[in-house]
Structures are given as structure tokens and as C-alpha cells.
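Subject: Structure for you to look at

Hi,

Here is the structure I promised to pass on. Have a look at it first, and then read on for what turned up.

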Amino acid sequence: MSKTLLVFFSNTGFTRTVAEEIMRSCNCDVEEIRPIRSREGVLGYLRAGFEAFTKKQAEIVPPSRSPDAYDLTILGGPVWAGHVSSPVRTYVRKLHHQFGQVAWFCTYGGSGAEQMLAELSELAGRQPVTILSLKDSEIGAETFAEKVKRFASELNSLTKKRDASKTPSARVA
């Protein structure tokens, strides 16, 4: 089993694209956060913004993987109205006590990435080992792949250091 869990929610596909790129660069298991109720269309968009702004939770399908089985949880989602999306909020509120080390990533159309990532840290009760934020307009551009590779490289380096510290050292008599 992988020691890293990648968890994400994507409403429009931007966050999914980033998650897929991270998956290609890191050895990790994957969990997609799935809301019970759709946030598509005009009404869904308005509901999503309202839920994020008022910090409401969303009903989600119960996760199939438990973060406490992993050393590192990479968690990502879109910025909604400058806040954590309601499906991600629900996941974190339910499972934050099971997180080991964490890393965050987010996608956004306009602004609010820093605020959202800080809110995510507050909800989880811990600081990330690294973060990645990408504007929707960057996704698919040349800089996109480079930013994701840098993020993945930091995570892979952390994993190697962690694995090395768990390996018993040879004793010299």
C-alpha cells in the first residue's frame, strides 16, 4: 500500500486535471470526494457559493479510504467565494483527526487561494508540508506541468526522507 493518499474534489474538472497530474508524479492512492447533491448549473453554482461563504457542510458519499492508514494526505479542491468548498469542508471536518502530515493544493478562477489554504489549515488543525495553487487559466499551459512537478518533487523528497529515517542503520562492531 502507498504511504500517501491523494484526496480531491472537482466540480468543473480543473481540480481533477491537477489531481491526475499529481498522480502521475507521485506514488499515491486516490480518493475522490463525491457530494450527494450536484453543484452543476446556475442553481448549483449559487448554492456552492452560498455554502462556501456561510461555511456550510455538504453531504458526501462516505470515503472508501481512511487517512489514518497513510503517512501523508494530499488534499485539493477549488476555491469557492474565497473559501474551502463545502464538500472539502465536510471531508476535513469528519476526518481531520486521522491526518498525519498534509499537503494542500487548490484551483481558482479569480482570487482567494491564500485565504482558502489558510482556512483549510485551520479546519485540519495542522500546517501543510507544502502547497500548490493554480489559476484555472494556468491549467494546461506549460507552466502548469512545471509547477505540479515541483510540488510532486517536494512530496517525493519528503517521502524518501521519511522512508530513510525508518530504515534501521547498520551497526559496526
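Let me start with Tyr 91, which is buried because its relative accessible area is 1% (buried means under 20% relative accessible area, exposed over 50%, partly exposed in between, with a 1.4 Å probe and protein chains only). Before I go on, please note that this is a predicted model, in which local features need pLDDT of at least 70 and side-chain atom pairs count only at pLDDT 80 or more, while totals for chains, interfaces and linings use all residues. Residues are numbered from 1 along each chain as its sequence is written, and side-chain values use heavy atoms, with hydrogens and water left out.

Tyr 91 sits in H3, where Ser 86, Pro 87, Val 88, Arg 89, Thr 90, Val 92 and Leu 95 are buried as well. With 8 of its 10 residues buried, H3 is largely enclosed by the rest of the structure. (Helices, H or I with at least four residues, and strands, E with at least two, are DSSP runs numbered from the N terminus.)

Tyr 91 also belongs to the largest nonpolar core, which has 26 residues; Ile 33, Leu 75, Val 88, Tyr 91 and Val 92 touch the most other members. Two or more residues come from each of E1, E3, helix H3 (86-95), E5 and helix H4 (113-124), and H4 gives the most, with 6 residues. Such a core is a set of buried Ala, Val, Leu, Ile, Met, Phe, Trp, Tyr and Cys residues joined through side-chain atoms within 4.5 Å.

Next, the strands. How many of the residues of strand E3 (residues 72-80) are buried? The count is 9 of the 9, so E3 is largely enclosed by the rest of the structure. Here are its partners (two strands pair if DSSP finds at least two bridges between them):

- Strand E1 (residues 4-8) runs parallel to E3 over 5 bridges, and Val 7 stands opposite Leu 75.
- Strand E5 (residues 101-108) is also parallel to E3, joined by 7 bridges, with Leu 72 opposite Gln 101.
- Strand E4 (residues 83-84) is antiparallel to E3 over 2 bridges, and Val 79 has Val 84 as its bridge partner.

E3 and E4 form a hairpin with 2 residues between them, and Ala 81 in the turn has a positive phi of about 50°.

On to the rings: there are 2 aromatic pairs. Rings of Phe, Tyr and Trp (its six-membered ring) pair if their centres lie within 6.5 Å; planes under 30 degrees apart count as stacked, over 60 as edge-to-face and the rest as tilted. Phe 9 and Trp 80 are edge-to-face, because their centres are 5.6 Å apart and their planes stand at 85°. Phe 9 lies in the loop between E1 and helix H1 (14-25) and Trp 80 in strand E3, so this pair ties together parts that are 71 residues apart in sequence. Phe 9 is buried at a relative accessible area of 2%, and Trp 80 counts as buried at 11%. Tyr 91 and Phe 99 form a stacked pair, 6.4 Å centre to centre with 25° between the planes. Phe 99 counts as buried too, at 5% relative accessibility.

Finally, the outside: Leu 43, in helix H2 (residues 41-53), counts as exposed because its relative accessibility is 66%.

Happy browsing!
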